[in-house]
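Subject: Structure handover

Hello,

Please find the structure below. My notes on what was found in it follow.

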Amino acid sequence: MDKRKEANIRVKSNITKALFRLMHEKSFSDISITELIRDAGVARVSFYRNYDSKEDVLVTLIEDILEQFRDTIDSNDTDYYTYGNIYKSFSYFEKYGEFVLDLYQFGYGSILLEKLNRFHEDIAGTMPNGSIEQYRLYMYMGALFNTAIMWLQNGKKEDVGDIARMFCTACGITGFPVP
């Protein structure tokens, strides 16, 4: 990888980590860009090269994680409501659980859910507004998101396979492995 790209990835990571550290200390609105870049150890120009605002840091993090997730799902599968994709979803919630819980606890769960909805709409393709497919997608995403939040808050007592099977059973999804 090109050294400039590596440096930019490091800058973005430092900014994101600094923002979450600061969010543990004070409210989001009380965090200044100056304080954020100082904590991240980056130049102001580096911040504005990557982001328009503090909010943009959060949105970009969510979008980057969703793009990584897109590479893991089976795009040949015409039905995204499969055990395999649900398992992968919970695996990602587990991997990024700290960020997800922080976003949720800091009051940004709605942004995360909205990005998840848009992401799945993009994957599913065009659906007529008010169609059963559109309602199904939103019910699925709401159920998946809320289940993941509860699972993370409860300390992930079930492993990913168990929580994915429980979710599939509750949603009437069949064809998953039985332990």
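A charge counts as sitting over a ring if NZ of Lys or CZ of Arg is within 6 Å of the ring centre and within 35 degrees of the ring normal. By that rule K95 lies over the face of Y92, at 5.6 Å from the ring centre. The charged end of K54 sits over the ring of F28 as well, 4.8 Å from the centre of that ring.

Note that this is a predicted model. The mean pLDDT of the protein chain is 90, and 96% of the residues score at least 70.

Aromatic contacts

Rings pair if their centres lie within 6.5 Å, and the count comes to 14 aromatic pairs. One of them joins Y104 and F145 edge-to-face, with 6.3 Å centre to centre and 65° between the planes. Y104 lies in helix α6 (residues 97-105) and F145 in helix α8, so this pair ties together parts that are 41 residues apart in sequence. Y104 is partly exposed, at 34% relative accessible area, whereas F145 is buried, at 3%. Ring pairs also link Y81, F90, F93, Y140, W151 and F167 into a cluster.

Salt bridges

The structure holds ten salt bridges. These are some of them:

- E121 and R118 meet at 2.7 Å, N to O. They are three residues apart in helix α7, which means a separation of about one helical turn. Both are partly exposed: E121 has a relative accessibility of 22% and R118 one of 40%.
- Salt bridges with shared partners also join E67, R70 and D122 into one network.
- E35 and K26 form a salt bridge at 2.8 Å, N to O. E35 counts as buried at 18% relative accessibility, because the cut-off for buried is under 20%. K26 is partly exposed, with 31%.
- D2 and R4 form a salt bridge at 3.8 Å, N to O. D2 is partly exposed, with a relative accessible area of 34%, and R4 is exposed, with 69%.

Surface

I132, Y135 and M139 form a nonpolar patch on the surface, and their accessible area together is about 380 Å².

Regards

Conventions
Residues are numbered from 1 along each chain as its sequence is written. This is a predicted model: local features need pLDDT of at least 70, side-chain atom pairs count only at pLDDT 80 or more; totals for chains, interfaces and linings use all residues. Side-chain values use heavy atoms; hydrogens and water are left out. pLDDT is the predictor's confidence in each residue, from 0 to 100. Patches are made of residues with over 30% relative accessible area and no salt bridge: like charges are joined within 9 Å, nonpolar side chains (Val, Leu, Ile, Met, Phe, Trp, Tyr) within 5 Å. Accessible areas come from the Shrake-Rupley method with a 1.4 Å probe; for residues, only the protein chains shown count as cover. A salt bridge is a side-chain nitrogen of Lys or Arg within 4 Å of a carboxyl oxygen of Asp or Glu. Rings of Phe, Tyr and Trp (its six-membered ring) pair if their centres lie within 6.5 Å; planes under 30 degrees apart count as stacked, over 60 as edge-to-face and the rest as tilted. Helices (H or I, at least four residues) and strands (E, at least two) are DSSP runs, numbered from the N terminus. Buried means under 20% relative accessible area, exposed over 50%, partly exposed in between (1.4 Å probe, protein chains only).
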